[in-house]
Structures are given as C-alpha cells and as structure tokens.
Amino acid sequence: MASRADAIVTAGLRPDLFTDRGLVSISTNLLVASLAVLVIVGFGFRVSSLSAEGLSEDELNKLQAVADYREHGLTSANSEHPLLMKALMTGSVVLADKWNSIPSLGGHRPISPETALRLPSTIFGALTSILIYLLAAELFGAEIGLIAAALWAFDPMAIGFNRLAKEDTFVSFFFLLANFLWLRGQRVAESEPHRNPEKFYWASAAAFGAMLASKYLFPLLAVSASYYLLFQRLPETRWRLGKIRLLKFYGLMGIVFVILNPTILLPATWHQMSQFAGQKLIGHAGYEFMGKVYPHRFTDYLHGIPWYFYHLFLLIKLPLLTVAGFLVGFVMLLRRKTGDGRLFMLVWMFLWMMAFSFGGGKFTRYFTTVLPAVLITSAIGVQAVGRWTGQRLSALLVTEWPRTYSRIALTAIMILASIRTSANVAPHFRLFTNDLGGGTAKTGYYFPHDEFYDASIRDVMIEIAGRATPGTRVASETPGLTSYYAQRANRPDLVSVNLSDPNRLQELREGDFVIDARGRRYFSNAELLDTIERSSTPAFRVSLGNVPSASVYVLDHNSLEAISEAAHHLTPLTRNVPPQRLAVEGH
C-alpha cells in the first residue's frame, strides 16, 4: 500500500490544482480569498432571516439553560448535553441584550432571542467550510477540497442544520478540526522525517476534547482510531504513537474536555445524564416518518425507525447533482488508485452508518456529522466525471482545452445548482426535497418533525393570543413552547395543556384551542388528532413558507365531546419530565 503522501497531492500547505497534464499552481492569496468568499457568502445564507422560524422546544431548553446560567452561574441545567455550545450561546444572548439596551442600536434593529441563540451555530457552520477544505485537501488535493468546501457553504441541508441551536454543528466542526490535525500528523510522520509530528498529535487531542465537550458522541472517536490501526500492521509505516504518547493523547483530550465542560464535575449532572441514558427524559413516544409513526427509543433498534432512514435522506434531501456526484465518487473510493485517503472516508461513512442506522431513535440533524464526508465524496465524483469528459472531448475535438475546462464547467454547474436551490428554499432550508423525493409536492412528508421542527408555534401563539379570552387553555404537544410564546405575546394568562395527557384533556372547555402541528404526531395522540379532524374544521391554519405546518381548532360542543371520548382510550404516559422539558430530545 503506497503512503498517502505519494498517492495524492497534499495541498494543505502547498495549494495546487491537480490536472491530467500536471500541477497548475495557484497563489496562496487566491486560495485564501476563495475560502474567505465561501465563508462570508455561506455565513450570509446561514444568518439571513435567522429569526424567520420560531424556536423549537429543543432550542427552548437551551434558552432556559442560558437563563439559568445567567442567574445562578454554572448549574446542571440541560446537563444531559455538554456545556461548550451553551456557554457560547450564553455569551451571544448577553451581547444581544447589551445591544438591545442601547437605544441608538437595539431601538432600531433589536436582536431577537431566536437570532441570539442560533448565531454561534451559524458562525461555526460557516467556518466549517475551511475545515472541510483542509481535510479534503490533505486527503485528495486542493481541487477536491475547494469543491467540497463550496458544496458545504451552499448546501441547503448544511445551511438548515447550521441554523439550529443544537449541538450537531459544533461536534462536526471539532471532529473535522481534530481529524485534519490527526491526518497532518500522519503525513509529517510518514514523509517529513525532519519535522516532529507531536505538535499535531497534541493539537488533535485538544480538538477531540472540544468535540466531546460539544456533544457526547464517543463513537466518532472510533473513526480516527480505526484509520490509525489500519496502518499499524504495515512494517514500513512510521506513523506510530506508542503507548506513552497514546496515554498522553487521551489524557490531554480528557483535560480539555473538563476545561470546556466543567459542569461534568457536578453530581447533579451525572444524575441528569443517567436519567437521559435511561430514556427517562424523552417526553414523546414515536416519530413520524413517511406518514407512519414508529417507536423512537434508541434501544428499539430494528423495531424503531427503519434502518434506511439516513440512506433515504441522502438521496432525496440533497440537490440532485450533489447526489449524482456522491454516487460516482463512492465508486471511485472503492478504487485503489484514489489513494489511501479513500480508506479514511470509507471508515468514516461505514462506522457512522453502523452507529446511527440501526438504533431505533433517529433525527435528520444527526446527519450533520457525516454530511462533510458525503460532500467530499461528491466532489471526488464531479472531478472524476469532469476528467473523463475532458479526455473524451479532447480526443474527439483533437484539442487540449477540454481536459481542463470540462472539470471547471461541471464544478461550476454543481455549485451553482446548490446556490440556486438554497436561494429558492430560503429561509426554510430544511423543507427542501429534490425531484427524486417528489419535489415541492412531497415537502414535509418524509421527515416532518425535523423539517418543521416547531417553527410555526410562535406564529400560532401570536394568532391565538389575539383571539383567546382570559384563562383559555391551549392544548399541544409542546406546552413549554406555547407557554413561552404566550408570555412573549403578553398573554401569560393562557394555560398550556399537554395533548397526550388524558387527565389534562378532561380540563378542556368550549372555546379552548387545540394545536395540530405537523411533525408532532405520536402513538399517544394520533387517534385524538384524527377525531378532532373529523369532528371539527380548523379555526385557522399556519404555513411555513408556502407549506401548511399547523392547524388550530377552537373547541365547540361537538369537538369537545369527541375529544372527551377519545381521551378515555388514551394510555397515560409515564412522565418524569418537568412541563418545560417535554421535548423530543436527541442524544
């Protein structure tokens, strides 16, 4: 097996574009400028109209944790998840409050809580383009690195996930940083014996510590460890850390993890984590996928959400040209001539799918940590197709220019397709479905929970606040969120009721409201929602963009009797979760 340094063009420090005729050098300034444009424009997509969608209940949990930190210092609030992201959010919310308190600034352009909470994720998401370039260039050369970085900058799903106040963007950022440093250490050890690779090992360990301080995704460590072990049986390899350096590596990782996640030292944190690990903090039973509700606990395994959940997501939620590039690129990864970098990619995608596909509980945002691998593979595919096309056209036209410009043209078409797609679906990027999935006609059908993600509850509550009489009850699957937005609408008198709690349903009266939000259909409420739909007409509907996202009913005598009868057939769920934490929480 040839070393990776011999098999590919390493372009992290020497930016070159690989062509069939040799190396065409580009200036470092041009490379830096290109990456800067990708980051800036990518950030523009991510931050534009950031408050266009209301908070999800998952995000509200983060906002409540931020409020708890500001009032009491470091606490175990939301401590089933690490601190790093919430610390950044706290800083963002504090700065937003300071901005809003200045009449000349906040008086004219106030920063909403939604924007303040999501802003750190958009920043890290935009900067991820740089890390994708560095990692892909280390493995396959600068051309593929730039293509992959551009695809990430403009991909609608990458943008959509980066606009959520959730951990996945941060863990992806530090995973990419850690592995770039890890692979750079390999290259130095293998092909630059005059340099000491240890600084890359220690920097990689620190980045892995930050990764775990972003999200407790220990299985991601197996990607780097497995790739490392692939080389240890080769007698010619010089990439060996040894037991002492490995101990130091994991020790440094642990130290950085604790520094960035000090709440791990609180006893209440361990209690909260044990509750979460025992699946006692999951407030809803089920997940709607393609019109059917499935069990949603991780330990449901193959009895839960189907194993092909993420495979389908890849095929129908990315632009068609990106999907086509991935399919070609994946075939290229199976070919030895692609170089040893292909091994890292195959290990990454294989272990990710093994870890996430067979668990019963799934969310589309988990795909964030493997999406860079998909886009890098797609970049490999478009480069391969461009090279093949250029060779054929050059032979046909008896001229050399197609060899270079065909790849440029195909790359431009793919990137422009992503830009156009994202521009068309903005600001509701998660709703995008390509033509393989049925296009706009199927928007919200496949993954409604993750596509709508409570985005319309704010608008629903604003409308209800203008119609409801004092003390009106509002039944929904997100009582904490409806209560929050009722207060934002200056209606703290509105009473939020959980739609899956038959005891609370008995409290409903004529004139109360019931919210049927898409993506919030469960085993516990499906029959009830069907009953309401049959017995009543919505008082109003709310849409996310042009897509219906919630129906709201005002109870009358007939619908109230139907609900009362349906409630008798509901099985009360065992809930150990406070009302403000009744959310579908991810790992």
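Two strands are said to pair if DSSP finds at least two bridges between them, and strands (E, at least two residues) and helices (H or I, at least four residues) are DSSP runs numbered from the N terminus. The model shown is predicted, so that local features need pLDDT of at least 70 and side-chain atom pairs count only at pLDDT 80 or more, while totals for chains, interfaces and linings use all residues. Residues are numbered from 1 along each chain as its sequence is written, and side-chain values use heavy atoms, with hydrogens and water left out.

**View 1. The open sheet of 5 strands, with mixed pairing.** The strands follow the order S6-S5-S7-S9-S8, and the edges are formed by S6 (495–498) and S8 (540–544), each of which pairs on one side only. From one strand to the next the twist averages 25 degrees, where axes are lines fitted to C-alpha atoms and angles run from 0 to 180 degrees between N-to-C directions.

**View 2. The parallel pair S5 and S7.** Strand S5 (residues 473–476) is joined by 2 bridges to strand S7 (residues 513–517), and Ala475 stands opposite Val514 in S7.

**View 3. Ser422 in helix H17 (residues 401–425).** Ser422 counts as buried because its relative accessibility is 0%, buried meaning under 20% relative accessible area (1.4 Å probe, protein chains only). Not counting residues up to four places away in sequence, Ser422 touches Phe45, Phe154, Asp155, Pro156, Ile159 and Phe429, contact meaning heavy atoms within 4.5 Å. The C-alpha atoms of Ser422 and Phe45 are separated by 8.0 Å, although these residues lie 377 residues apart along the chain.

**View 4. Thr531 in helix H22 (residues 526–535).** With a relative accessible area of 11%, Thr531 is buried, and, leaving aside residues up to four places away in sequence, Thr531 touches Ala562 and Ala566.

Notes: Buried means under 20% relative accessible area, exposed over 50%, partly exposed in between (1.4 Å probe, protein chains only).
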